Each structure stands twice: as C-alpha cells, then as structure tokens.
Amino acid sequence: MALCEALEGLVSDRACNEKQQPDYESVISNKGISGEEVRRLFSIYEDREETPQGLVNEWIKEQPPLMQNSLRIALQEYTSTVMEPQAESILNIANSLLKEADPSMSPNEIAETVGPQLISNVGPEISKELAKIYVLIATFKTALEG
C-alpha cells in the first residue's frame, strides 16, 4: 500500500508539472518517470514484506478468492486504527490468547481458532475478519521479534 501511494504521488507530481519545458530532456526529467526512479522506489519498499502487515497481506492472497476482499478491507481498517489505544488493547488481548494456543498450528488454524475467542473477549464491535487480522498481526509480530 505504501509503495502504491509513493508511486501515485510521484506520478501525480510529474503530471501536475505545468512549467514550460525548454527542451526534450527537460520534458523527460520533469514530466516523465525513468526506469531508474521506479527501480529505486521499489528498492525502498522491497523489505517491507517482512512486517506483520506484509505477512498478513501474503496470507490474504492464499485465502479463497471470495474471502480476500473482506479480509483486505479488515486489514485496511486495522491499518487506519493501528495508532489508537483501542487497537493496542485488542492486540494485547490477542497476544494473551495466543499464549494459550497450540504453537504448532498454521496461520489459518490460528485465525480460525483464536479469532472467535478474541471476539468473545473484545465484543461484537469487531468483525470476524478483523479479529483474524488482529490475531495474525499479533502472531507475526511475535514471530518477527524473536
């Protein structure tokens, strides 16, 4: 998502350049995007997949197509509230539930088993998809930290 927004910003900046260009090279450098600029932008964001959100995004791609859209929406909802105290509180509850879960479970099993437990602890204000996202964020965050 961050890569897409950065690329969109670069394209928008270049497209909005209204100044008169004196020669062809100026047009290319001020209005166009070079392959090198795109490669540099991709290199900045290439390690971002090793974040909990990146890993959840990869997990979403492995889910049945009919579920992917609702899971992506839930991930966007999580991302928009990640800095709020309520989100941290829900992650703490997810972490405590994960400590009781079988460590040999796959991410799918964890989401299916611990997600409903999270809803029963937090309340119905979070959807089952959002509960799965919180549980997997907590799972991957723990895994990445050690």
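Helices here are DSSP runs of H or I with at least four residues, numbered from the N terminus. One such run is α7, residues 107-122, and Asn108 is found in it. The model is predicted. The protein chain averages a pLDDT of 85.

**Confidence**

- In the protein chain, 93% of the residues score a pLDDT of at least 70.
- Confidence is highest in α7, at a mean of 95.
- Confidence is lowest in helix α3, residues 35-45, where the mean is 74.

**Nonpolar core**

- The largest nonpolar core has 30 residues.
- Val56, Tyr78, Leu118, Ile133 and Tyr134 have the most contacts inside this core.
- Five helices each supply at least two of the core residues: α4 (52-61), α5 (65-81), α6 (85-100), α7 and α8 (128-145).
- The largest share comes from α8, with nine residues.
- Nonpolar side chains tend to be buried together in soluble globular proteins.
- Which residues does Val56 touch, not counting those up to four places away in sequence? They are Leu75, Ile133, Leu136, Ile137 and Phe140.
- Of these partners, Ile133 is also listed among the residues with the most contacts inside the core.

**Second largest pocket**

- The second largest pocket has a volume of about 240 Å³.
- By class, the lining has seven nonpolar, three polar and two charged residues.
- Helices α6 and α8 each supply at least two lining residues.
- The most comes from α8, which gives four residues to the lining.

- Is Asn108 buried, partly exposed or exposed? Asn108 counts as partly exposed because its relative accessible area is 37%, between the cut-offs of 20% and 50%.
- Leaving aside neighbours within four places in sequence, Asn108 is in contact with Trp59 and Gln63.
- Gln63 sits in the loop between α4 and α5.
- Gln63 is buried because its relative accessible area is 9%, and the cut-off for buried is under 20%.
- Beyond four places in sequence, Gln63 is in contact with Gln68, Leu71 and Asn108.
- Asn108 and Ile126 are 18 residues apart along the chain, and their C-alpha atoms are separated by 19 Å.

- Gln76 lies in helix α5.
- At 45% relative accessibility, Gln76 is partly exposed.
- How many Å separate Gln76 and Asp23, C-alpha to C-alpha? They are 43 Å apart in space and 53 residues apart in sequence.
- Arg40 is placed in helix α3, the helix with the lowest confidence in the protein chain.
- Arg40 counts as partly exposed because its relative accessibility is 46%.
- Arg40 and Ala111 are 71 residues apart along the chain, with their C-alpha atoms separated by 36 Å.

Technical notes:
Residues are numbered from 1 along each chain as its sequence is written. This is a predicted model: local features need pLDDT of at least 70, side-chain atom pairs count only at pLDDT 80 or more; totals for chains, interfaces and linings use all residues. Side-chain values use heavy atoms; hydrogens and water are left out. Buried means under 20% relative accessible area, exposed over 50%, partly exposed in between (1.4 Å probe, protein chains only). Contact means heavy atoms within 4.5 Å. A nonpolar core is a set of buried Ala, Val, Leu, Ile, Met, Phe, Trp, Tyr and Cys residues joined through side-chain atoms within 4.5 Å. On a 1 Å grid over the protein atoms alone, a cavity is a set of points where a 1.4 Å probe fits but cannot get out, and a pocket is an open set with protein on both sides within 12 Å along at least five of seven lines; lining residues have an atom within 4 Å of a point. Grid points are joined across faces, edges and corners, and a volume is the space filled by probe spheres set on the points. Ala, Val, Leu, Ile, Met, Phe, Trp, Tyr, Cys and Pro count as nonpolar, Asp, Glu, Lys and Arg as charged, and the others, Gly among them, as polar. pLDDT is the predictor's confidence in each residue, from 0 to 100.
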